[in-house]
Structures are given as C-alpha cells and as structure tokens.
Amino acid sequence: MTTIATAPTMAVRRPRRLRRRHLWLIPGLGVTLFANGQAQIHDLGLAPLLVFSIAPHMTVLLGIGQPHAKGQLAPRAVPLFNLMHQPALPLAVVATAALGVLPLFWLVGGLAWLGHIVVDWGLDDGLWTANGSSLTLPGVATS
C-alpha cells in the first residue's frame, strides 16, 4: 500500500489592498492635524481634541445590554451614532466658532470632530442601518 504525504495546511493570508475609500484618510488626517495646530496656537491643550474625537463613538455605549449580532451596532444606539457622524453638525460648530459666536475651544473641537468623521469614511466605519448593519456611504466606495 502506498502512502501519500501531504503538506500541512496553512492559512493563506491575502495581502491587504489599498482601496479608493482609503484616500479619505488624507483629508481626515489633514483636518485633524490642522485642529491640533489651532489648539497649539490658541493654547487650548488636548482637551478639545480628545473630547471631540472620542465623543462620536461613545454613543455605542447606548447599546450595552441590548442584543445584537457580532459586527453590528445595537439598534438602540444607531440613531445617535448616525447623528454624531453627520458632517453637517461639526461644520456648523466650526462656522459658528469661526464667526466668533462660540469660543475657540469649539472651533478646535469641531475640526477634530470633522476629522474623526472623515477618517471613519476612510476606514469604512461610517453610518449604520436601522438594524445595526454597516452602511456604505455614496462616494465612499469600498472598492
């Protein structure tokens, strides 16, 4: 009887590919770096950068204890998460602060918030559907 030796099976890892959506990382990081520069110029420290960069994702905490599939957002957290990831809100904050209505803290915070949103587009971590599935934005193609 003949035995055939087989090579051990190894997981084949495909190389990561850059996609068109990754181009959003460039303006996202640019806006974030500009916000950092403004924080330094106006001696505001890291507070507005950290608060406004982290706060949009804190909305995920609304889904704690609510059942949802792995890789999905809890349906209860979706509306506020999507609201915090709309670029119109940080743009309104930036415009209002640039006009002098709000303090410079809000200008830097709005820029950091906007940078966060644009970086999320590059990482394909944007909006979610009502049932908690990821939604690809028009113009933020995954290919």
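## Surface and overall make-up

Accessible areas are computed by the Shrake-Rupley method with a 1.4 Å probe, and for residues only the protein chains shown count as cover. On that basis the chain exposes about 9400 Å², of which carbon and sulfur atoms supply 68%. This is a predicted model, in which local features need pLDDT of at least 70 and side-chain atom pairs count only at pLDDT 80 or more, while totals for chains, interfaces and linings use all residues. Residues are numbered from 1 along each chain as its sequence is written, and side-chain values use heavy atoms, with hydrogens and water left out.

The chain holds five helices and zero strands, where helices (H or I, at least four residues) and strands (E, at least two) are DSSP runs numbered from the N terminus. Of its 143 residues, 32% are buried, a term that stands for under 20% relative accessible area, with exposed meaning over 50% and partly exposed in between (1.4 Å probe, protein chains only).

## Helix α4

Helix α4 spans residues 88-98, and P90, V93, V94 and A97 are buried in it. These residues lie on the same side of α4 because they cover an arc of only 95° around the axis, the arc being that of the directions from the helix axis to the C-beta atoms. Their cover includes α5 (104-122). After α4 comes G100, whose phi is positive, near 90°.

## The loop residue I64

In the loop between α2 (47-58) and α3 (78-84) lies I64, which is exposed, with a relative accessible area of 60%.

How values were computed
Contact = heavy atoms within 4.5 Å.
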